Amino acid sequence: SLIMIQVKMSTKMGKVIDAYCQKLGISRTQVRFLLDGERVTDEHTPQSLNMQDEDQLDCVYETTGGFE
């Protein structure tokens with residue numbers, strides 16, 4: 001599902017990640033965020049990521065384990 005969060009170019013992405021997780025009621029340890037396949041960290045900002053209007057982050061669930 002799509003959740004839109006508007007932020008200033010100087011807002012740290014940790015704040016965005018927290019808002020997203022709170023809205024969905026999930027732990028931030030369950031997910032990670034990617035922009036164009038690269039992991040987004042708490043210290044990144046939209047400016048440091050060269051984001052433009054309408055850019056979207058991908059949220060993927062962390063998985064553990066492997067093949068047997």
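Helices (H or I, at least four residues) and strands (E, at least two) are DSSP runs, numbered from the N terminus. The model is predicted, so that local features need pLDDT of at least 70 and side-chain atom pairs count only at pLDDT 80 or more, while totals for chains, interfaces and linings use all residues. Residues are numbered from 1 along each chain as its sequence is written, and side-chain values use heavy atoms, with hydrogens and water left out.

**Exercise 1.** Determine which pattern the chain follows when it is read along the sequence.

*Solution.* Begin with the elements: the chain contains one helix and three strands. Reading along the sequence then gives the pattern α-β-β-β. As for extent, the C-alpha atoms fill a box of roughly 45 × 25 × 20 Å, taken along the principal axes.

**Exercise 2.** Classify the aromatic pair formed by Tyr20 and Phe33, and state where each residue lies.

*Solution.* A pair of aromatic rings is described by the distance of the centres and the angle of the planes. Rings of Phe, Tyr and Trp (its six-membered ring) pair if their centres lie within 6.5 Å, and planes under 30 degrees apart count as stacked, over 60 as edge-to-face and the rest as tilted. The structure holds one such pair. The ring centres of Tyr20 and Phe33 are 5.3 Å apart and their planes stand at 90°, so the pair is edge-to-face. Because Tyr20 lies in helix H1 (residues 13-24) and Phe33 in strand E1 (residues 31-35), the pair ties together parts that are 13 residues apart in sequence.

**Exercise 3.** Decide whether Tyr20 and Phe33 are buried or exposed.

*Solution.* Buried means under 20% relative accessible area, exposed over 50%, and partly exposed in between (1.4 Å probe, protein chains only). Tyr20 has a relative accessible area of 13%, so Tyr20 is buried, and Phe33, at 6% relative accessibility, counts as buried too. In the chain of 68 residues, buried residues make up 25%.

**Exercise 4.** Describe the place, the exposure and the phi angle of Asp36, and then do so for Asn50.

*Solution.* Take Asp36 to begin with: this residue is found in the loop between E1 and E2, and its relative accessible area of 72% makes it exposed. Phi of Asp36 is near 55°, which is a positive value in a residue other than glycine.
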